[in-house]
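Q: Before any feature is discussed, may the sequence and the structure be placed before us?

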Amino acid sequence: MLNRREALKSLVIGGATTFFSPNVLLASTAKKKDKLGIALVGLGYYSTDLLAPALQMTEKCYLAGIVTGTPEKAEKWKQKYNIPDKNIYNYQNFDTIANNPDIDIVYIVLPPSMHKEYVIRAAKAGKHVFCEKPMAPSVNDCLAMIKVCKDNKVNLAIGYRCQHDPNTQEYMRIGKEKMYGKVRMVSCGAGYFDARTTHWKQNKALGGGVMGDMGVYALQGARLATGEEPIAVTAQSSTTRPEIYKEVEETMMFQLQFPSGALAACHTSFGINMNYLQVNYEKGWLKMEPFSGYSGNKGSHSNGIIEFPLKNQQARQMDEDCLALINSTQLIAPGEEGLRDIRVVEAIYQAAKNGGTVKI
């Protein structure tokens with residue numbers, strides 16, 4: 001039987017265990033509600049094709065508003081989702097969202113270079129913040145985002161959907177409980193072939209480059225499988241399409257060392273389709289493929305399979321984060337979790353640029 005403190009650290013869902021960060025407590029919401037209103041900021045692919053449809057399936061939150069700089073999009077969303085005019089904002093009048101009680105949470109779905117600005121503006125407006133990954137292009141940005149949310153007594157969650165997936169939670173559990181002893185080696189890859197040529201992901205000023213985007217999945221595969229933070233890294237970047245990837249890397253390979261002695265070899269690319277995780281323990285193994293998809297993540301290990309059904313990953317993520325806000329419990333992936341990744345990402349870029357090993 002878990003005591004109250006232990007119960008706050010873990011939540012059993014569908015046969016898998018979700019582990020919460022033990023040192024990040026939530027502030028209470030100003031007004032207790034059963035269902036929270038979310039405003040999506042930025043109506044690109046992820047909002048349009050994934051988050052908005054997922055919000056039609058959620059139980060603890062709903063699509064309350066939108067923020068867009070395109071009037072045509074605003075009208076289309078208004079009609080499709082029956083959004084009131086008073087809940088539709090642009091980037092100039094965004095700060096007046098502070099006066100709207102319909103909106104409890106602002107979900108930032110913009111290029112990474114814009115995350116800091118809009119997290120700060122949302123926090124100062126008194127709204128809780130969900131922010132897509134990568135959290136920001138730099139550690140300093142992440143620290144500023146965390147500070148402003150704490151100063152304004154609002155909560156910051158990073159959109160790490162995979163950490164809400166019971167399949168991810170299961171391979172985390174296997175490592176945490178040392179079912180097969182210590183982790184010795186992790187191999188992990190996350191990438192796809194991106195045919196676009198003018199997207200923000202190819203633009204350095206907007207926070208582009210594969211490492212901050214798909215690379216975070218490969219990095220998290222290693223971090224979550226070991227349950228540790230890396231202490232040193234080596235890395236190599238490359239591109240096969242220099243006419244497109246002029247400013248940022250198309251592919252990154254990086255190697256991590258962990259305090260326990262575990263090692264990881266990770267790969268990420270906008271030019272190669274891959275999505276896998278393999279963990280070799282002292283007395284066994286684990287394989288996941290895919291391990292970080294929007295759906296269908298599955299795998300096996302020395303004594304069993306990992307295949308937990310999941311209706312909608314994004315809906316589960318938003319519901320669980322909103323339930324944490326409603327109950328004033330701990331977020332699965334608070335701002336501090338995003339910061340952990342960006343610390344390593346910065347070290348990877350330094351290692352790729354200068355060569356040799358960079359200590360973290």
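Predicted model: local features only at pLDDT ≥ 70, side-chain atom pairs only at ≥ 80, totals over all residues.

Q: What span should helix α8 have, and how far apart are its end C-alpha atoms?

A: The expected span of a helix is 1.5 Å times one less than its number of residues. Helix α8 covers residues 313–327, which is 15 residues, so it should span 21 Å; its end C-alpha atoms are 21 Å apart, in agreement with that value.

Q: Is α8 mostly buried or exposed?

A: A residue counts as buried when its relative accessible area is under 20%. By that criterion 13 of the 15 residues of α8 are buried, and the helix is mostly covered.

Q: What is found at the start of α8, and which residue follows the helix?

A: At the start, Asn 312 places a side-chain oxygen within 3.1 Å of the backbone nitrogen of Gln 314. After the helix comes Ser 328, with a positive phi near 55°.

Q: In which order do the nine strands of the open sheet lie?

A: The order is β16-β15-β14-β13-β9-β12-β11-β10-β17, and the pairing is mixed. The edges are formed by β16 (304–306) and β17 (358–359); each has a single partner strand, so one side of each has no neighbour in the sheet.

Q: In which sense do β9 and β12 pair, and over how many bridges?

A: Strand β9, residues 183–193, pairs with strand β12, residues 263–269, in the parallel sense over seven bridges. Within this part of the sheet, Met 185 stands opposite Leu 263 of β12.

Q: Which strands does helix α9 lie across?

A: Helix α9, residues 335–354, lies across β10 (232–238), β11 (251–257) and β17. The helix runs at about 60° to β10.

Q: Which peptide bonds to Pro 134 and Pro 290 deserve attention, and where are these residues placed?

A: Most residues other than glycine have a negative phi, and most peptide bonds are trans. The bond from Lys 133 to Pro 134 is cis, with omega near -5°; Pro 134 belongs to the loop between β7 (128–131) and α5 (139–151). Glu 289 and Pro 290 are likewise joined by a cis peptide bond, with omega about -5°, and Pro 290 is in the loop between β14 (285–288) and β15 (299–301).

Q: What is the phi of Lys 153, and what is that of Lys 178?

A: Lys 153 is not a glycine, yet its phi is positive, near 55°. Its place is in the loop between α5 and β8 (156–158), and Lys 153 is exposed, at 63% relative accessible area. Lys 178, also a residue that is not a glycine, has a positive phi of about 55° and is found in the loop between α6 (166–176) and β9.

Q: Which backbone nitrogens does the side chain of Gln 202 approach?

A: A polar atom of the Gln 202 side chain lies 3.2 Å from the backbone nitrogen of Thr 198, and the side chain reaches the backbone nitrogen of His 199 at 3.0 Å. Gln 202 is placed in the loop between β9 and α7 (214–226) and counts as buried at 5% relative accessibility. Beyond its neighbours within four places in sequence, its contacts include Asp 194, Arg 196, Ile 244 and Tyr 245.

Q: Is Thr 68 buried or exposed, and which backbone nitrogen does its side chain reach?

A: Thr 68 counts as buried, at 6% relative accessibility, and lies in the loop between β4 (61–67) and α3 (71–81). Its side chain reaches the backbone nitrogen of Thr 70 at 3.1 Å. Leaving aside neighbours within four places in sequence, residues in contact with Thr 68 include Leu 43, Lys 73 and Tyr 89.

Key. Residues numbered from 1 in each chain as written. Heavy atoms only, no water. Helix = DSSP H or I, 4+ residues; strand = E, 2+ residues; numbered from the N terminus. Buried < 20%, exposed > 50% of the residue type's maximum accessible area, 1.4 Å probe, protein only. Polar contact = N/O pair within 3.5 Å; in protein donor to acceptor, adjacent residues only side chain to side chain. Pairing = 2+ DSSP bridges. Contact = heavy atoms within 4.5 Å. Axes fitted to C-alpha atoms, helices over the stretch in contact; angles between N-to-C directions.
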